[in-house]
Amino acid sequence: MTTSTSSATPGWWARWRADHASQLHDARRDAYRFSRNWLSVFGLLIVIVMLFVALTGPAWVPYPGDATGDVHMDQRLQEPSRTHLFGTDDAGRDIFTRTIVATRTSFEVGVIILVVAILLGVTLGAIAGYYGGTTNQVIMRVTDVMLTFPGIFLPMALAAALGRGMVPAMFALSLTWWPGYCRLVEAQFLKMREDDFVAGARAIGASKTRVIFRHILPNTLTGIIVKASMDFGFAVLALASLGFIGIGIQPPEPDWGSMIALGRRFMPGAWWISTFPGMFMFIMVLGFNLLGDGLRDLLDPNATVK
Amino acid sequence: MLRYVLTRLLWIPVVLIGLSLITFGISRLVPGDPVKLAAGPQARPEQIQKLAAEFGLDRPLPEQYLRYMGGLVQGNWGYSIGNRRPVLPDLMTYFAATLELTVVATIMGLLFGIPLAVVAARWRDLWPDHVSRMVAIGAVSIPVFWIAIILQVMFGQVLHWFPVSGRYDPRQSYPQTYTGMLLVDTLLAGNVQGFFTSLRYMFLPALCQSLVVIALVTRQLRGDLLDMLRKDFVMVARANGIKERIIWTRYLMKNAMIATVAMLGFVIGFELGGNVLIEAVFDWPGIGQYATKAALMLDFQVIMGVTLFIGVVVVFVNLFTDVLYRLVDPRIRFS
Amino acid sequence: MDPLVEIRDLHLEMVTLDGVAKVLNGVNLTIQRGDLLGLVGETGCGKSVTAMSIARLVPQPPARYPRGDIRFLGENVMEKSEDALRDLRAHHIGVVFQDPMTGLNPVFTVEQQMVDAILSRQGALDATFFGRKWLPANRERRRQAHERALQLLRRVGIAEPEKRIHAYPHEFSGGMRQRVLIAMAISGRPDLLIADEPTTALDVSVQAQILRLIAELVREINLTVLLITHNIGLVAQLCNRIAVMYAGNVVETGPVRRILRDPQHPYTRGLLEAIPTDETTRGALQGIAGNVPNLYHPPPGCRFAPRCSFARAECDLAVPPMVTTAPDHQVACVLHAEGVESA
């Protein structure tokens, strides 16, 4: 540790570094271990690129109007070229533009879905896990039943009930996703409720909420982060699936799912309409899954074997 | 063992009630007029009124639920606006097709996934392992409907190796059905050509559905195998001079099979999740397609019926696989 | 007489995500026929890997042996082929592991596992396999192996083996499982039995029985035993010789009585003093100051030096060689360097 040379008071940065020396060491070691797994690093890179695209995309796409309703019937079904990287669809819209804009939409919706699901799920899970008894039973039975419905059926039913469109789809998917987090957090709470450190905190008089929030919850954070990073890819897939079926994000708003569905009619002739959005989506989901996998290897000691 | 089965069976009605509560809840979630929704977008006012009375939507909620449950138990799962037929019988017919597809897809998935997992565990951290893991992660990241379309176009439209869609050759006469599952029915009737035709039509959709199975099985089984390899009995076997090859083919395989059965219920659940999209792409007449068409038309009763039905199916599948697991694992069977 | 096992300057490194751990730092150990050698040391000092190395049971990677060798009956174990190695394990060495819970495959019956072990030792396992199980010659072999298994089980003290042999491992108690493992280990009439903490996972009463069993077997089939344990009491009961290890080195070897009476290495002394006796006053537990060295960055020279109250400057220069201070008593410490250096 270096001593400051010029000022009288030691720099706060140096002090902070000293205070958190062991955590920094752990973080550095974790980063090193993460970087050894090239698949995870690859995933991280993809995610960063996608994030960049989502955040800035609409600003630099070549034909922004094509994502908001413009049609150019004279340019329909053009092959990929220098002016239209991914070609055009049957309404003459630039597929590259629409794919990029769809990235931003998917990101936004995906984030909202997960945030809502996590808030709801973690809260309910914490309550169920901490209080136990009938509260626990009620909450967990509902969770179990909701988790029984496989894949797309529940979101489909919910979306059909709530109507077509982006907002109902968001609701539908959030409602489908919260049980997973509820279960995760509940299990952790049940386990940790009996742990010594909780007893210690209570022994010194911490209130229930304080125990929940400051003590137990931080320990569940890694599990939530790992799950969220893996779920993000699946949330995006689910959203696109709804779009593919026809509920969910409605045209002309660009959505990978509906774009692919639309392009089916023109296969194999105008193959680019379906192929590019799908490939793009695949890469993004792959990136998140690789990243999530790598995070899980890193943060969850009992998960995989290395 | 018997006690376990009985206990589980006793719980099933409770779970089913839970499922129906959820579907009931969803159907009442509908913003706007549920009757209008059930009647469909083209209904006339008199029809709507009639339906309202029929559904007892003027009654208090709990009573509505009881009527709903009563109907379910008696076999009245609603009427489809789309084809004006009761939901349940159609459900059963469509389900046979989905069941067949799922069974074949599961078998395919296991046939690919188990060897991949074994290879990954055996040559851990070497290139076969990396390849397997990439395949597993890739398979789970691929948008199912997209890869379905690509395969359909490539192998169906372009190469003509497989039919593009549907379940059977429309030019041939449809086989006699006994169970609703064509592979079984054609064999029962001795219709060998029919059998192979069905198989050809089933190949691509089953392949797509098996992707998720491969992904899950490869990852989970690889992990389980690696866990087993660390166990002492492997060292003991080596210490006793048993050849590596025998350790793998005899010992670990049996452990691996048992582990596979343990995860079967979970895997099938995931499979069924993607089923809707696959049936949509390949025009496979199963419940997934029944549901998609209904979703587009907002044919509400069908959607609810299908959702409830699939939930019930999953419950029974889980029961079945749990029992199977208990039969297969000696630790549980003899204790 | 030629020793049964001779380990010379054995170095072992483990490649892990956190770096390269230098686990064994020049281990020297000799086991004579008929010895009951107790290998003691703290957890992590390398005693298990040393013993496992004799049968080359340490997975390579992540392990590697940059230097040294192990000779069994005069032959270099490190250079043996796969087949020769299997022969070694089948006919000359038997291993008993610590955890009887996981030592047996839970999804196979005891009968299947014992018969497999017996047949494999005869080199006949392959033949009775892969669909050829039902050939008459093979059925005969399996029947004989079955008889032998029953015999072995009876010998290790399992009553009514005919009934019990068809059970699954989880239906046995821990002590009985350990007996089964011992039966499997001696089924080939091995020269050497390596017992890695065989009783640590068992109840105290069962421990005594297992130890007695081992002692009996030593007499009966002229077994040489390498007993690995961190429990010096066990060694005092059972063994005739003791080797003390610390952080990858053998620091002292010799007859049990002599060493217990007159430990020469500072570590051995510290160990023995740490054992509470009737005279230890309450609250006066004697530990050894300091911590076990970091195997990734071990101290140069003697690895005990940082904790040793007698350390001198030369201790940090190089690992002290083993010197003989009395017949069959060897120490690796500069304090005794005036003794004759053993080869």
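Predicted model: local features only at pLDDT ≥ 70, side-chain atom pairs only at ≥ 80, totals over all residues.

User: How far apart in space are Arg245(B) and Arg200(B)?
Analyst: In sequence, 45 residues separate Arg245(B) from Arg200(B). In space, C-alpha to C-alpha, the distance is 37 Å.

User: Which helix supplies the largest share of the side of chain B that touches chain C?
Analyst: Here, 21 residues of chain B are in contact with 25 residues of chain C. H10 (232-239), H11 and H14 (330-333) of chain B each supply at least two residues of that side of chain B. By class, the side has 10 nonpolar, four polar and seven charged residues. The largest share, six residues, comes from H10(B).

User: What word describes how H3(A) lies relative to H11(A)?
Analyst: Helix H3 (residues 38-60) and helix H11 (residues 272-299) of chain A pack with their axes 7 Å apart, at about 130 degrees. Angles over 145 degrees count as roughly antiparallel, and 65 to 115 as roughly perpendicular. The angle of about 130 degrees therefore makes H3(A) oblique to H11(A).

User: What is the handedness of the crossing of H3(A) and H11(A)?
Analyst: The contact includes Phe42(A) and Met50(A) of H3(A), and Phe288(A) and Asp293(A) of H11(A). Its residues divide into 12 nonpolar, five polar and one charged. The crossing of H3(A) and H11(A) is left-handed.

Conventions:
Residues numbered from 1 in each chain as written. Chains lettered and ligands numbered in written order. Axes fitted to C-alpha atoms, helices over the stretch in contact; angles between N-to-C directions. Helix = DSSP H or I, 4+ residues; strand = E, 2+ residues; numbered from the N terminus. Parallel < 35°, antiparallel > 145°, perpendicular 65-115°, else oblique. Left-handed = near helix turned anticlockwise from the far one by under 90°. Contact = placed C-beta atoms within 7 Å. Nonpolar A, V, L, I, M, F, W, Y, C, P; charged D, E, K, R; others polar.
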